[in-house]
Number of protein chains: 2
Amino acid sequence: MGNKRLGTQTVQLGTPPVILGTAAIVGSKEGDGPLKDYFDMVVSDSMWGKDSWEKAESKFQMETVKRALTNTGLKPYDMDYVLGGDLLNQCCGTSYGIRELQIPFLGLYGACSTMALTLSVGAMLIDGGFADKLAAVTSSHFCSAERQFRFPLEYGGQRPPTAQWTVTGSGCAILGAAGSGPRVEQVTNGKIVDMGITDANNMGAAMAPAAADTLAAHFKDTNKQPSDYDLILTGDLGSVGSSILMDMMAEKGYDISKNHNDCGLMMFDLERQDVHAGGSGCGCSAATLCGCIYQQLQKGALHRVLFAATGALMSTTLVQQGESIPGIAHAVCITA
Amino acid sequence: MGNKRLGTQTVQLGTPPVILGTAAIVGSKEGDGPLKDYFDMVVSDSMWGKDSWEKAESKFQMETVKRALTNTGLKPYDMDYVLGGDLLNQCCGTSYGIRELQIPFLGLYGACSTMALTLSVGAMLIDGGFADKLAAVTSSHFCSAERQFRFPLEYGGQRPPTAQWTVTGSGCAILGAAGSGPRVEQVTNGKIVDMGITDANNMGAAMAPAAADTLAAHFKDTNKQPSDYDLILTGDLGSVGSSILMDMMAEKGYDISKNHNDCGLMMFDLERQDVHAGGSGCGCSAATLCGCIYQQLQKGALHRVLFAATGALMSTTLVQQGESIPGIAHAVCITA
């Protein structure tokens, strides 16, 4: 078997599972951003022919899984599991999105950290011999997320500078026990970290401490340094959270300034696209990883990536009751 | 290792993980029901000293994990993971409930099937060597669930006969790689099954087809018959869903009438306690399993239990948009 636990939070996979293929489908604003050439499809209609944003998000997720299967030459019945989740209440983007595929379904919830959560749990299930192939998927949609978490879009509220722009899009990775492609070598699942942030328009600050906690645990557990990676990719801290993360990591003795980037900063041109502190949402890190990063790993432009997706486990109900926003980050080491 | 996949949906665990101990804490109505002698604690105040039902539900979950740790003589730092989820939006019962424990957290969402989902994924993580010990937990609360999914309690709406009563309570099981106690031998994770039910007051009918699908897959994958179990325990179909399940299983050629019971029927005295079609909610199957069933397995009154928790992956938003309610069921074979 060969897998083993490293330190307190990290697992070394004995036979690192392979990312056999991916797909990323995004909306028009994302398709107009710096990563536009990496997506499988850009959908100009935010409703994608449906009569609600929620149904459109479900379609994003279903079509992304289907495209990932097409890209890998596989069928739904080749999948032992689909692991998925999203931001919508009751994770309905996923459950309504994948119901027709008829694949055993493990629902996961990690808010915007969901892509790393599905990859980490999926990699363990494959390495443990419980699955031969599986799909890991998540999504978000600007319109469905805004109205659920903040304000009705019709209200036209001003967004503060710390606000991030929820990405409309979905990413799916097909993991397999054998084959060629980038491999998931190690996973570090995070603890909940809550530093008392109560502003639903400052997710970056709420999540940065969790990212720092998980990254530091990963480096400590594996005896690695930030320089062991070509890229340390958080998602989605945006500009505010990334800056806080840099400071917190420096305090912990790790300089990640040379090789850190954030999916929320990569997805949009912050100046030109008027997204304030950057992108966010499960679909942001999912589409960035399954589009740009996967292709860079495939063609050798990247070799070792630490993908640390971050989630704000925010409940609108509890925030209205004065509670703070718990953060979490899950990290996955992917090598070409 | 010795684990292997059986058929299309089932996993045989090579070294079946042990349920080292459990805890179940419930509210006063549950503590007045037929299972009252099996709970670790009955809390008479539905707010449990907090200022909201959601915060009370979080406290139920935190205290239940703590009690399960006490019952097993373990500490939070002995846990490699906590796997948890609940019915509340963003699974906030769990994230706010367990944040202070500082255990790496894998959030799962399966609606009322969550206890079986956490047990099945947890058992695979342990058998795969990725964890030595972990906690599997879930909860529900009548008041927080009613107002989120149906009507404000103050409205005092009439409940139709098919309605179920969301259990206030939480159950937690501590799984370990070694030790003595009942073992998780096999797991069968379900597919999403949606037969078009749109009535949020008829969860039993929405979930029964999923239960039938998963149970039939389990029997087929393992070459077992219903008679191989002392107890086939669904949760939470209530009286309406249980009756539908019985018919659907008979159509598939399986007679489960002799050894089937349902957590929603066990939790309450349906006549005396005015709960219409029975109990429901993540906490119903969790507290039934972690209270009554675990103790019966421990003392030899039960030997082989198939625990098939069912979930209605209902989104209030999508049901309002005319969508139907997808169901899912996850099954876990537990032997003394």
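Predicted model: local features only at pLDDT ≥ 70, side-chain atom pairs only at ≥ 80, totals over all residues.
Local features here need pLDDT of at least 70, side-chain atom pairs count only at pLDDT 80 or more, and totals for chains, interfaces and linings use all residues. Residues are numbered from 1 along each chain as its sequence is written, chains are lettered from A in the order in which they are written, and side-chain values use heavy atoms, with hydrogens and water left out.

Q: How many residues does the contact take from chain B and from chain A?
A: Contact means heavy atoms within 4.5 Å. Of the interface residues of chain B, 100% are also interface residues in chain A, so the copies meet through the same surface. The contact takes 59 residues from chain A and 59 residues from chain B.

Q: Which three residues supply 16% of the area that chain B buries against chain A?
A: Buried area is the accessible area (1.4 Å probe) that two parts lose on being put together, summed over both. Between chain B and chain A about 5000 Å² is buried, and carbon and sulfur atoms give 59% of this. The three residues that supply 16% of chain B's part, more than any other three, are Gln90(B), Tyr96(B) and Phe130(B).

Q: Which element of chain B gives the most residues to the side that touches chain A?
A: Helices (H or I, at least four residues) and strands (E, at least two) are DSSP runs, numbered from the N terminus. Across the interface there are six salt bridges (a side-chain nitrogen of Lys or Arg within 4 Å of a carboxyl oxygen of Asp or Glu), one of them between Arg99(A) and Glu323(B) at 2.9 Å. Elements giving two or more residues to this side of chain B include helix 2 (53-72), helix 3 (92-98) and strand 15 (327-335). With five residues, the one that gives the most is helix 4.

Q: How far from Asp127(A) is the nearest side chain of opposite charge?
A: Asp127(A) lies in helix 4 (residues 114-127) of chain A, and its contacts beyond four places in sequence include Asn3(A), Leu13(A) and Phe130(B). A polar atom of its side chain lies 3.0 Å from the backbone nitrogen of Thr15(A). Asp127(A) is buried (under 20% relative accessible area; exposed is over 50%, partly exposed in between; 1.4 Å probe, protein chains only) and has no salt bridge. Lys and Arg count as positive and Asp and Glu as negative, with His and the chain ends not counted, and the nearest opposite charge, on Arg183(A), is at 8.5 Å.

Q: How many residues apart in sequence are the parts that Glu100(A) and Lys66(A) tie together?
A: The two side chains form a salt bridge of 3.2 Å, N to O. Glu100(A) is in the loop between helix 3 and strand 6 of chain A and Lys66(A) is in helix 2, so the pair ties together parts whose separation is 34 residues.

Q: Which residues does the network that includes Asp269(A) join?
A: Asp269(A) pairs with Arg272(A) in a salt bridge whose closest N and O atoms are 3.6 Å apart. Asp269(A) is partly exposed at 28% relative accessibility, and Arg272(A) is partly exposed at 49%. Salt bridges that share partners make one network of Asp32(A), Asp269(A) and Arg272(A).

Methods. Polar contact = N/O pair within 3.5 Å; in protein donor to acceptor, adjacent residues only side chain to side chain.
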